[in-house]
Amino acid sequence: MKFQAAWSVGNLVLKDSATLAHIIQNLAQTKRLQKGKQFHARLISAGYRLSTFLTNHLLNMYSKCGCVHHAHKLFERMPQRNLVSWTAMITGFSQNLEYSEAVRTFSQMRFAGESPTQFAFSSVIRACVSLGSIQLGWQIHCLALKCGFGFDMFTGSNLVDLYSKCGFMIDACKVFEEMECKDEVLWTTLIDGYVKNGNFEDALLAYKSMIDDGIMVDHYVLCSTLSACGALKAFKFGKCLHCFIVKMGSEGEISVGNALTDMYSKVGDMESASNVFGIDSECRNIVSYTSLIDGYVEMDQIEKALSVFAELWRKGIEPNQFTFSSLIKACSNQALLEQGTQLHAQVIKLNLDKDYFVSSVLVDMYGKCGLLDDSVRVFDEIESPSEIAWNSMISVLAQHGFGKDAMETFHRMKNNGVEPNSVTFVSLLIGCSHAGLVKEGLNLFYCMERIYGVMPREEHYSCVIDLLGRAGKLQEAEEFINNMPFKPNAFGWCSFLAACKTHGDKERAKLAAENLMQLEPENSGAHVMLSNIYAKEKQWEGVRTLRKMMRDGNVKKMPGYSWVDVGNQTHIFGAEDWSHPQQKEIYEKLDTLLDVIKKAGYVPFTDSIPLDMEDSLKEKILQRHSERIAVAFALLSLPVGKPIIVKKNLRVCSDCHSAIKYISKVVGRKIVVRDNSRFHHFADGLCSCGDFW
């Protein structure tokens with residue numbers, strides 16, 4: 001109405017700069033760009049001489065309406081600029097994501113002899129944050145101190161934000177402590193900085209201090225603090241925060257509700273997460289759904305995650321890259337190929353297959369489901385692989401036993417300018433271990449810190465123990481253990497024990513078993529492997545002693561089981577207790593296969609059964625191992641051309657490994673077996689591991 005009234009008065013109003021400024025300000029606030037342009041044109045056509053005061057308002061109007069380049073043209077033609085003109089232009093560039101231009105204009109202002117205001121400092125510091133330029137930020141900070149704005153609230157908050165987002169939390173804390181007056185914006189910026197830098201405990205302490213100082217909290221600080229609670233799995237703190245939120249009446253705010261759902265999901269309280277999620281269906285968005293899905297995925301409740309995903313579609317909410325990444329990761333962890341491929345199809349339909357998060361988890365998913373070729377194909381389709389994608393590809397190749405290919409991929413990664421990290425070296429060392437590349441693995445380990453600046457951690461040392469042990473270099477492995485800066489973890493001792501079992505070193509096996517039992521007394525693996533060593537040497541008294549120890553300590557042997565997916569159903573088989581509608585046909589198939597592979601040269605390795613019994617009985621036990629049952633069922637159920645992929649929770653036994661090699665030869669089918677450490681690709685009587693696993 002004000003705009004229309006002013007327009008009708010005509011030239012009389014044009015003489016009133018305050019009224020004109022008010023009209024322009026109103027147009028800026030309501031973001032009516034076309035009306036603003038028309039008004040500007042009317043002023044020019046009426047011959048009205050624009051003062052610096054009015055031009056500054058026009059600069060602000062164009063910037064707020066997203067037409068910053070128009071503002072810049074107007075700024076360039078100004079016959080006289082003042083401090084407000086420069087500040088408006090710097091702020092306009094910063095608000096419109098033209099960060100480099102904001103910095104350039106700030107520099108021009110200094111050359112023009114103008115001293116920046118706190119608003120100009122705030123805008124240029126925000127530009128430094130977005131550009132990630134800490135060096136420029138330091139210079140601006142020094143200038144702010146010289147100009148007397150170093151302790152200003154606006155400038156201080158933005159400086160804390162700058163240092164925290166650039167990873168300099170110590171400097172952010174110094175700026176915070178130097179501020180005489182700390183308002184809610186400054187506290188929120190500090191807490192958010194702690195969370196973004198992974199200093200979650202400091203974030204919670206800062207929140208407590210903020211409350212103690214009587215500072216009002218808003219939904220921004222609540223969301224950041226809830227995020228810290230989720231990361232620390234601080235259930236009690238998060239629950240108290242939830243009570244506070246209810247008292248404030250903020251539970252209905254979408255961002256707070258999403259943060260609560262995410263917090264409960266991360267601490268594993270899916271019931272509370274679901275309750276918060278269900279409070280107001282109108283307040284749910286893609287973040288709400290993705291948080292709940294991610295929680296179910298982390299709890300291995302894949303069916304519930306998929307159910308939420310289906311509801312999301314029914315509500316007409318389009319999933320994003322984070323939703324798909326979480327679900328595909330779940331399919332990857334549980335080797336759910338059918339669901340994974342369906343998700344991949346939806347990803348392509350929504351044009352999300354180019355997203356580096358999604359493409360990376362697809363590489364991992366196909367690899368963990370046994371389809372190495374598909375994993376490589378997805379990776380090769382990525383235009384510019386990220387660090388995550390390279391690590392996924394290297395990890396897949398390592399798990400499939402292709403150590404040399406993993407090393408070649410590592411060199412390609414470096415040639416593409418992507419720096420390796422801790423995860424990269426874990427995968428490479430595993431790949432070298434499974435492929436018997438001892439020299440290459442040791443070279444990698446010893447150059448990690450020296451060349452790449454990656455400090456070796458527990459997992460890297462454990463990989464080297466495994467590398468040396470698998471290669472039969474038990475003395476070198478023991479010396480390596482003795483020279484480590486810390487004692488091996490459970491994986492390290494378990495790897496050493498397995499190597500001692502494979503190579504028949506009873507004394508070192510005892511050492512490894514004792515240390516493993518101390519770290520994980522409930523782990524049956526140490527007792528079982530040591531028992532197998534005694535059995536191999538016919539020391540049945542030692543076997544009985546170990547079994548008594550297990551009974552007395554209530555240590556139960558983990559049962560071995562295998563599973564295979566046919567259609568949309570997973571069929572699980574155990575070595576001893578299992579039932580299936582096709583049990584009779586499966587046993588008949590096993591008997592037929594045994595006769596055929598024996599004729600082809602298969603000889604049962606009865607020494608792998610650590611029991612004092614006749615060989616004929618041992619042969620019968622071997623024939624009923626879960627992985628062999630699963631293979632027989634797959635041959636009955638899956639048509640030729642469909643890949644046979646069997647998963648097992650324990651390490652595949654040496655006799656089954658030999659038998660499946662012969663089966664692949666006599667039936668002419670490729671068989672993939674994923675055990676608890678790697679993949680085995682059987683074809684034409686051979687295995688990809690080269691009998692080294």
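# Notebook: a predicted chain, residue by residue

**Entry 1, serine 375.** Serine 375 belongs to helix 24, residues 372-380; helices (H or I, at least four residues) and strands (E, at least two) are DSSP runs, numbered from the N terminus. Setting aside neighbours within four places in sequence, I find serine 375 in contact with Val363, Tyr366, Gly367, Met393 and Val396, contact meaning heavy atoms within 4.5 Å.

Residues are numbered from 1 along each chain as its sequence is written, and side-chain values use heavy atoms, with hydrogens and water left out.

Is serine 422 buried or exposed? Serine 422 counts as buried because its relative accessibility is 12%, and its place is in helix 27, residues 422-435. Not counting residues up to four places away in sequence, serine 422 touches Val454, Arg457, Glu459 and His460.

I find 38 helices and six strands in the chain, and buried residues make up 51% of its 693 residues. The C-alpha trace spans about 115 × 55 × 55 Å along its principal axes. The radius of gyration of the chain is 33 Å, whereas a compact globule of 693 residues would have one near 26 Å; this radius is taken over C-alpha atoms, and the globule rule is 2.2 Å times the number of residues to the power 0.38.

Helix 13 is mostly covered, with ten of its 13 residues buried, among them Leu186, Trp187, Asp192 and Tyr194. Its buried residues pack against helix 11 (153-165), helix 12 (169-178), helix 14 (200-212) and helix 15 (219-232). Glycine 198, which follows helix 13, has a positive phi near 80 degrees.

In soluble globular proteins, nonpolar side chains tend to be buried together. I therefore looked for nonpolar cores, each a set of buried Ala, Val, Leu, Ile, Met, Phe, Trp, Tyr and Cys residues joined through side-chain atoms within 4.5 Å. The largest nonpolar core has 175 residues, and those with the most contacts inside it are Phe106, Ile328 and Phe496. Helix 9, residues 118-131, gives the most to this core, with seven residues. Apart from this core lies another, of 28 residues, including Tyr602, Val631, Leu635 and Cys687. Phenylalanine 106 touches Ile90, Pro116, Ala120, Phe121, Val124, Ile140 and Leu143, not counting residues up to four places away in sequence.

What is the order of the strands in the open sheet? The open sheet of six strands runs 2-1-3-4-5-6 with mixed pairing, where two strands pair if DSSP finds at least two bridges between them. Its edge strands, each pairing on one side only, are strand 2 (569-574) and strand 6 (686-687). Strand 1 (residues 561-566) and strand 3 (residues 644-648) pair in the antiparallel sense over three bridges, and valine 564 has valine 646 in strand 3 as its bridge partner.

Strand 4 and strand 5 are also antiparallel, over four bridges, and a hairpin joins them through four residues; valine 673 has histidine 680 in strand 5 as its bridge partner. Strand 5 is mostly covered, since four of its five residues are buried. Strand 5 and strand 6 run antiparallel, joined by two bridges, and form a hairpin with two residues between them, where aspartate 684 in the turn has a positive phi of about 55 degrees.

Which elements do the buried residues of helix 38 pack against? They pack against helix 35 (583-599), helix 36 (615-623), helix 37 (626-637), strand 4 (671-674), strand 5 (679-683) and strand 6. Just after helix 38, glycine 668 takes a positive phi of about 65 degrees.

Notes:
Predicted model: local features only at pLDDT ≥ 70, side-chain atom pairs only at ≥ 80, totals over all residues. Buried < 20%, exposed > 50% of the residue type's maximum accessible area, 1.4 Å probe, protein only.
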